[in-house]
Amino acid sequence: MPDLLIELFSEEIPARMQARAAEDLKQRVTDGLVEAGLTYAGAAAFSTPRRLTLAIEGMLAGSPARREERKGPRVDAPEKAIQGFLRGAGLTAEDLEQRDTPKGAVYFAVIEKPGRPAAGIVAEVLETTIRNFPWPKSMRWGSGSLRWVRPLHSILCILTDENGSATVPLTLEGLTAGDSTEGHRFMAPGRFPVTSFEDYEAKLKRAHVMLNPAERADHIWADATNLAFAAGLEVVEDKGLLAEVAGLVEWPVTLMGRIDDAFLDLPPEVLQASMREHQKFFSVRNPASGRIERFITVANRETADQGATILAGNQRVLSARLADAKFFWDNDLRIARSDMGIWLQALENVTFHNKLGSQGERIRRISALARELAPMVGADADQAGLAAELAKADLSSEMVYEFPELQGLMGRYYIEAAGHPSEIAAVSQDHYSPLGPSDDVPTAPLSVAVALADKLDTLTGFWAIDEKPTGSKDPFALRRAALGVVRLVLTQDLELGLLDLIEAHLKSVLEAHASATRASDGTVAVAQAPVELPDGRQVDPRTQDLLAFIHDRLKVYLRDQGIRHDIIDACIAMEGNDDLNLLVKRARALNDVLATEDGENLLQGFKRANNILSQAEEKDGVEYSYGADIKFAEDDSERALFAALDAAKASIDPALAAQDFPAAMAAMADLRAPIDAFFENVQVNTDNQTVRRNRLNLLSQIRSTCSSVADLTRVEG
Amino acid sequence: MTDQTTAPRSFQEIILRLQSYWASKGCAIMQPYDMEVGAGTFHPATTLRALGNRHWAAAYVQPSRRPTDGRYGENPNRLQHYYQYQVLIKPSPPDLQALYLGSLAAIGIDMDLHDIRFVEDDWESPTLGAWGLGWEVWCDGMEVSQFTYFQQVGGHDCAPVSGELTYGLERLAMYVLGVEHVMDMPFNDPDAPIALSYGDVFRQTEEEYARWNFDTADTGMLLRHFEEAEKECAAILSQPAQDPKTGKRIVMAHPAYDQCIKASHIFNLLDARGVISVTERQAYIGRVRALAKQCADAFVQTAAGGYAA
């Protein structure tokens, strides 16, 4: 059983693409081999900045022969049919066999597909893989037409078995596969041949190339933590950066340097961002003070001076970078302390979206909404309004222009520097949160008010101009904003009627939109004919649609917590569904009760009642919703159900009024036994029409009683 | 040829070494283009010559202007007028990376002591309607060059593909010479009878231009000139290919492209004067791109652009 080794050697592959590319190489080649009949025992893929490598172990030496039989037309079939069959099978008449079958003599085609040696199959599969490789971005070079991520220089492709190794014959756009590769660009220039994966990996290591990216990352991390530890410091963990840096070097050499004292007063986040983004340095922190005092850089080589020149160079570059950062910080602080209004003024000229006006207008809308929300979240309205006005001021600062990822955080520093209380400053950083399903949700009332206002404004705005997410496209991160609303409302246990909030806010967004589009001559979104909700309220259809979108996010969020979507649907169908906490309480109670035996059986009983009733209503063309009368009851179980329904209603109504859904659900579940007994002993559709009508009206009572708790028709099962 | 075993001592020596290195590798050493441009890429020896199928190899210094980067000569690294060194070879040779590394060695960077890295950086010029894939080249963590394989220019696919190298000369020279502030960098030999620093040559002009760029350039005039350049570009290209006077086919791609360069620089000046809003910015860039595209369309209709009658 031979082993296969493939290496695609190119100019430097972007670090962020390497891992995926190695996986794609493995996937595509192994799929192609297996499809051609070459199965294998194991496969592993690796990447360095200059190569993608695939090692396949224990592959078949050739594909097995295959014999295929195809049944054709009858021997006495028209000539046309026989010719058609031959064409389809790619055969001539001599290749056909006649066989007797119960339906008479029939032609059979027997197609023998001989096995093929592995080399030919590998060459074909590799060529197809290279030509169709799914790089996120690819290019041409020189005069050729081949596409690769960067110029492809050589292909190594060998099959190794107990008799030795052989190069797979393959030529592609002037590149001929061989058995050799190159080591480190600077430390071991020149090509060398290899005979197997073990030989390849060992020779690469001697030529200063660590093939395995995980090994490079481990090596970097171990060296970095050791260097820091020896100096009594600690490396700030950054997995993304570690993976990236491991993709920038073939022979990692870790070096630690000092940050000039002049920059140690910069906020640690600024130091970190500047070092990470521009230089790909790790930050090294003093655990005692929390300050970042040194950096770790990873070079791609060893040098005679133990990296002294490299480190000195990196240190100089860092100082120049940090001098810029310090310049921004000092300038920004000066403005923050004298007049932050300059920044807000500047945001009047920054377009948020050409149909939604400037950032300045947007901030005013958020501020107004935050004031409105403040009392509902336990915050002071004036403070919430002010916090919202200031929260995005840092978008005008030089630091955020340079490091957009520091938005909010810089705002927090600057707003404090301007002399505002820290609760107001914190809003700038907090109001962007939460950003996903599991990060922290703000809890300070001011932050909650502004975070909610920010998200609701974004959602309402894009709904107003009909820029909703479609499929995988969500350029304005509206799903994230809606999930943010859900998490804020649930975590803070806020009692909010979203419909009224959205409807009112939609009006102010439409005003802004109208003035923005007047300037840019786009089509103007206007108020739309209202739709009527089940509770009689009239709202703009976009309001209703946005609430449904938020409900969708809620479903996804609750599904992750084990609540099925149909259970939520059963609760969304109820009034008051724009109060998300109410909705979730109802859904949880329903979920809990349906998990009990009583609950499950009740659901079956309800469905049976509902089915019989719906069929009868359809057949009779009437709605059975008059009160049933106990005097027409004939059976004890019927009378018992009357009593049970009365008792249930007496418990459910006050429980619902008190929003005590578990109690309401429990009372509903108590109906299980009487309903079961009723169906066991009573025939609803009897000949006596009076009794039948009365029983149908009784079923209707089951339906209405249960439906006051949740719309059980939507629950599956 | 200069002695490459010793370290260079001045800004001009680094330029001279690059010139002789690339001359030795077969490039035509061209002179700077005689118009204000934002980068060496704007030189027609790059922008236009990257188009069509004719082979090409050129290297040159290009003075470049970025009005918004002016700091009155005070910032150690930022200038409104600076130099780029530009190399364009079409088709890109297979050993372009090695050739490039050779140029670093030529200016005194010891490959055995420094850490050279090719870090992903895709290049795109919205004003030229051009893009390519490549890297920024790092030397000990500092970006010393841009390395790009042109894929498209002026909306046209590049075939063959050109390899483009751009060196930011001041930054590179400061690094090689170990200078902290650009104005302190020796311009000529520091032992020359009249030794001149970069500051001796350029400090005053940085101040003068910074003041003009930021505060006094007549924006009304600039706006007018922008429109005029735009009009003239269109007018040039609307002429029939056949010259009525000589009877020859003369497509005036270069004169039209001059107007595109002019419009681009005027846009940069207007930007520095702060009279272009965020939304207008995109519109202006789009207008310059439209000119670049028309010039590219015209160039491929010329002999140098591969047109065969």
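**Interface, helix contacts and local geometry**

Analyst: Across the interface of chain B and chain A, the rule finds 5 salt bridges. The model is a predicted one.

User: Which residue of chain B meets A:Lys137 in a salt bridge?

Analyst: A salt bridge needs a side-chain nitrogen of Lys or Arg within 4 Å of a carboxyl oxygen of Asp or Glu. The side chain of A:Lys137 has such a contact at 2.8 Å, N to O. The partner is B:Asp122.

User: What is the area buried between chain B and chain A?

Analyst: The size of an interface is often given as the accessible area lost when the parts come together. Here the contact takes 40 residues from chain B and 42 residues from chain A. Carbon and sulfur atoms give 51% of the buried area. The total between chain B and chain A is about 3,400 Å².

User: Which residues in chain B lose the most area to chain A?

Analyst: Three residues together account for 17% of what the chain B side buries. They are B:Leu113, B:Arg117 and B:Glu120.

User: Is helix 22 of chain A roughly parallel or roughly antiparallel to helix 23 of chain A?

Analyst: The axes of helix 22 (residues 636-657) and helix 23 (residues 661-669) of chain A come within 8 Å and cross at roughly 165 degrees. Angles over 145 degrees count as roughly antiparallel. Therefore helix 22 of chain A is, relative to helix 23 of chain A, roughly antiparallel.

User: How many nonpolar, polar and charged residues does the contact of helix 22 with helix 23 of chain A have?

Analyst: Helix 22 of chain A brings A:Ala648, A:Ser651, A:Ile652, A:Ala655 and A:Leu656. These meet A:Phe661, A:Ala663, A:Ala664, A:Ala667 and A:Met668 in helix 23 of chain A. By class, the contact has 9 nonpolar, 1 polar and no charged residues.

User: How is helix 21 of chain A placed relative to helix 24 of chain A, oblique or roughly parallel?

Analyst: The axes of helix 21 (residues 597-620) and helix 24 (residues 672-681) of chain A come within 9 Å, crossing at roughly 45 degrees. Roughly parallel would need an angle under 35 degrees. At this angle, therefore, helix 21 of chain A is, relative to helix 24 of chain A, oblique.

User: What is omega for the peptide bond joining A:Ser433 and A:Pro434?

Analyst: Most peptide bonds are trans. A:Pro434 is in the loop between helix 14 (422-430) and helix 15 (445-464) of chain A. The bond joining A:Ser433 and A:Pro434 is cis, with omega about -10 degrees.

User: Where is B:Pro91 found?

Analyst: The peptide bond from B:Lys90 to B:Pro91 is cis, with omega near -5 degrees. B:Pro91 is in the loop between strand 3 (81-90) and helix 3 (96-106) of chain B.

User: How many residues apart are A:Arg362 and A:Asp457?

Analyst: The side chains of A:Arg362 and A:Asp457 meet in a salt bridge at 3.5 Å, N to O. The pair links distant parts of the chain, with A:Arg362 in helix 10 (residues 359-377) and A:Asp457 in helix 15 of chain A. A:Arg362 and A:Asp457 are 95 residues apart.

How values were computed: Residues are numbered from 1 along each chain as its sequence is written. Chains are lettered from A and ligands numbered from 1 in the order in which they are written. This is a predicted model: local features need pLDDT of at least 70, side-chain atom pairs count only at pLDDT 80 or more; totals for chains, interfaces and linings use all residues. Side-chain values use heavy atoms; hydrogens and water are left out. Axes are lines fitted to C-alpha atoms, for helices over the stretch in contact, and angles run from 0 to 180 degrees between N-to-C directions. Helices (H or I, at least four residues) and strands (E, at least two) are DSSP runs, numbered from the N terminus. Angles under 35 degrees count as roughly parallel, over 145 as roughly antiparallel, 65 to 115 as roughly perpendicular and the rest as oblique. Contact means heavy atoms within 4.5 Å. Buried area is the accessible area (1.4 Å probe) that two parts lose on being put together, summed over both. Ala, Val, Leu, Ile, Met, Phe, Trp, Tyr, Cys and Pro count as nonpolar, Asp, Glu, Lys and Arg as charged, and the others, Gly among them, as polar.
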